[in-house]
Amino acid sequence: MPARATEKVTDSRLTEFLHDEIKDIYWAEKHIVTALPKMKKAATSQELKDAFEEHLEVTKGHIERLEKVFSLLGAKPQAKKCDAMEGILKEGTSIIEDTEEGTATRDVGLIIAAQKVEHYEISTYGGLRQVASTLGLDDVAALLEETLTEEKEADTALTGIAEQGVNYDAAAEQE
Ligand SMILES: [Fe+2]
Ligand SMILES: [Fe+2]
């Protein structure tokens, strides 16, 4: 949390930067919504399928929250292509192509791909929450914080699925 109180700033270079970054993560979230059903379909274990399904619903909520953020910034929702997320999602697609259907090894790959998505989101929401708070945009900061918490929960759930079964099942798989 900020060590010093700041006046509410609505028209600064940093506000413009925040607005721009919100457009970037808005693009990312919209593409995650299209990727998650494909990841669910590709997954082998029911547990992982369920985790992707659940995070799909949660992600739709992230989009709605970002739309609220746009309105708090006095702007219309607008997406700006996020090159990083495009690359991370492409990597997920190639993991599906490179692994065999119905294997735990594919699930290991999908979990790692999904965690790369979550970590990108965690760093983005964490940083932007802090920027919003520095600017005195507390309601924006609170919305970003809510999403940040859900991204961390998703990441932890994925670690659990890997460590409590999928990784071991994959280690036992023969070529
Ligand atoms: Fe998200
Ligand atoms: Fe996420």
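Donors here are N, O and S atoms within 2.8 Å of the metal (3.2 Å for Na, K and Ca), and water is not among the atoms, so sites may look incomplete. This is a predicted model, in which local features need pLDDT of at least 70 and side-chain atom pairs count only at pLDDT 80 or more, while totals for chains, interfaces and linings use all residues. Residues are numbered from 1 along each chain as its sequence is written, chains are lettered from A and ligands numbered from 1 in the order in which they are written, and side-chain values use heavy atoms, with hydrogens and water left out.

Helices (H or I, at least four residues) are DSSP runs, numbered from the N terminus. Both H55 and E151 are buried. Buried means under 20% relative accessible area, exposed means over 50%, and partly exposed lies in between (1.4 Å probe, protein chains only).

The iron ion (ligand 1) is coordinated by E29 (OE), E29 (OE), H62 (ND1), E121 (OE) and E151 (OE), at 2.1 to 2.4 Å. For this ion the donor spacing reads E-x32-H-x58-E-x29-E. Here, too, distant parts of the chain are linked, with E29 in helix 1 (residues 13-42) and E121 in helix 4, 92 residues apart. The two iron ions lie 3.4 Å apart, and E121 bridges them. E121 counts as buried because its relative accessibility is 0%. E29 is likewise buried, with a relative accessible area of 0%.

Turning to the charged side chains, the structure holds 10 salt bridges. A salt bridge is a side-chain nitrogen of Lys or Arg within 4 Å of a carboxyl oxygen of Asp or Glu. One of them joins K60 to E57, whose closest N and O atoms are 3.4 Å apart. These two residues both sit in helix 2, three residues apart, which is about one turn of the helix. An α-helix has 3.6 residues a turn, so residues three or four places apart point the same way. K60 counts as partly exposed because its relative accessibility is 36%, and E57 is also partly exposed, at 43%.

Other salt bridges run between helices. R65 and E146 meet through their side chains at 3.4 Å, N to O. Since R65 lies in helix 2 and E146 in helix 5, this pair ties together parts that are 81 residues apart in sequence. R65 is buried, with a relative accessible area of 13%, whereas E146 is partly exposed at 40%.

K116 pairs with E91, with 2.5 Å between the closest N and O atoms. K116 belongs to helix 4 (residues 104-134) and E91 to helix 3 (residues 83-98), so the pair ties together parts that are 25 residues apart in sequence. K116 is partly exposed, with a relative accessible area of 38%, and E91 is partly exposed at 34%. Salt bridges that share partners also join D20, K23 and K80 into one network.

Helix 4 is mostly covered, with 22 of its 31 residues buried. Just after this helix, G136 takes a positive phi of about 80 degrees.

The largest nonpolar core contains 46 residues, of which L18, I22, L48, F52, M85 and L144 touch the most other members. Such a core is a set of buried Ala, Val, Leu, Ile, Met, Phe, Trp, Tyr and Cys residues joined through side-chain atoms within 4.5 Å. Helix 1, helix 2, helix 3, helix 4 and helix 5 are the elements that give two or more residues to this core. Its largest share, 12 residues, comes from helix 1. Not counting residues up to four places away in sequence, M85 touches W27, A28, I32, V117, Y120 and E121, where contact means heavy atoms within 4.5 Å. Among these neighbours of M85 is E121, the residue that bridges the two iron ions.
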